[in-house]
Amino acid sequence: MIARPLALVRTVPDGFAAALVGDRRGTGLDVAAARRQHARYREALEAGGFSVEVIPGDEAHPDSPFIEDTAVVVNRWALATRPGHPSRRGEVGPVAEALARHVDVAWAPDDVRIDGGDVLQVGGRIFVGRSARTDDAGIAALARFAAPLGRTVVPVRISGVLHLKSAATALGDDLVLLSVGAVDPEPFEGLEIEEVPGPDAEAANVVRLPDGSVLVAAHHENTAAIVARRGLRPVLLDTSEFAAADGGLTCLSIRLRSVLAPVAT
Ligand code: CIR
């Protein structure tokens with residue numbers, strides 16, 4: 001039997017049309033197109049070496065496909081988050097339940113706010129964005145979760161984007177792709193930084209796959225060129241419906257690199 005690193009995804013409910021866009025509800029989101037894009041995303045995760053487990057989306061929670069925000073996984077431990085937007089808090093339970101079949105799950109306290117999209121792990125450090133969705137109490141809860149696991153938590157100032165990972169992701173164990181207009185590069189000292197040029201900070205949101213290829217949103221040609229220049233293979237995906245709801249490629253999965261799962265056939 002073949003086993004590969006596990007990725008969790010959550011399907012697109014009919015209610016996705018009402019996903020959050022800024023602090024309002026979407027109106028022009030195309031659910032059928034989002035489902036097609038989600039299917040391609042899932043196939044790309046599998047083609048790049050993940051075993052994908054699918055959790056049904058939740059009609060009561062239009063943003064439930066943005067599963068990344070509901071948990072932070074470090075090796076074989078997960079922190080079930082307390083999402084910063086109140087409408088998203090009910091998304092956490094089913095994801096925590098699925099995670100508990102693979103890892104130990106701890107829960108963030110009720111009086112904090114933290115979204116997984118603000119948490120970027122690179123080379124043993126955990127960077128966390130101070131954002132509209134993640135507050136100081138959430139950062140402190142993450143630090144308490146991470147300390148026994150030997151991980152240091154480093155707060156990062158961001159501006160103009162929803163989450164830290166909207167504008168900063170890892171391209172390697174010591175290489176970060178980020179938009180300096182949106183993310184303060186100073187806390188990343190010691191790591192190599194590759195800047196995405198231009199005003200579109202979300203161009204820095206990519207997903208590294210186990211086979212070394214990198215998912216890049218199709219509308220970010222500059223990013224694809226950077227990835228290729230780094231000797232990595234960009235895999236372009238149309239993510240327009242998710243981008244329209246402030247979501248990027250990372251948001252659509254939780255990737256558990258240290259948990260191997262059988263490949264679905
Ligand atoms: C929200 O506003 O919460 C969703 N519409 C988008 C969440 C994107 N998640 C992410 O960047 N990790």
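Author: Let's start with one word: a contact means heavy atoms within 4.5 Å. With that in hand, look at H61. Skipping neighbours within four places in sequence, H61 is in contact with P13, S87, G90 and E91.

Before going on, some ground rules. This is a predicted model, where local features need pLDDT of at least 70 and side-chain atom pairs count only at pLDDT 80 or more, while totals for chains, interfaces and linings use all residues. Residues are numbered from 1 along each chain as its sequence is written, and side-chain values use heavy atoms, with hydrogens and water left out.

Back to H61. You'll find H61 in the loop that runs between β4 (51-55) and β5 (71-74); strands are DSSP runs of E with at least two residues, helices are runs of H or I with at least four, and both are numbered from the N terminus. Is H61 buried or exposed? H61 counts as buried because its relative accessible area is 13%, and the cut-offs are under 20% for buried, over 50% for exposed and partly exposed in between, using a 1.4 Å probe and protein chains only. The side chain of H61 also has a partner: a polar contact of 2.7 Å links it to the side chain of D58. (A polar contact is a pair of N or O atoms within 3.5 Å; within protein, one must be able to donate a hydrogen and the other to accept it, and residues adjacent in sequence count only if both atoms are side-chain atoms.)

Follow the chain past β5 and you reach N75, in the loop between β5 and β6 (77-80). N75 has a phi near 50°, which is positive even though N75 isn't a glycine. Most residues other than glycine have a negative phi. N75 is partly exposed, because its relative accessibility is 36%. Another residue of this kind is D246, also not a glycine, with a positive phi of about 65°. D246 lies in the loop between α5 (240-243) and β17 (254-262), and its 34% relative accessibility makes it partly exposed as well.

I193 belongs to strand β13, residues 192-195, and is partly exposed because its relative accessibility is 30%. Leaving out neighbours within four places in sequence, V176, L178, P185 and F188 are what I193 is in contact with. I193 is also 70 residues from G123 in sequence, yet their C-alpha atoms are 13 Å apart in space. R229 is part of helix α4, residues 221-229, and counts as exposed because its relative accessibility is 56%. From R229 to P65 you count 164 residues in sequence and 31 Å in space, C-alpha to C-alpha.

Time to zoom out. The protein has five helices and 17 strands. Its radius of gyration is 17 Å, close to the 18 Å that the globule rule gives for 265 residues, so the protein is as compact as a globular protein of that length. That radius is taken over C-alpha atoms, and the rule is 2.2 Å times the number of residues to the power 0.38. The C-alpha trace spans about 45 × 40 × 40 Å along the principal axes. Of the 265 residues, 54% count as buried, and H61 is one of the buried residues. Finally, take the contacts between residues at least 6 apart in sequence: 70% of them join residues at least 24 apart.
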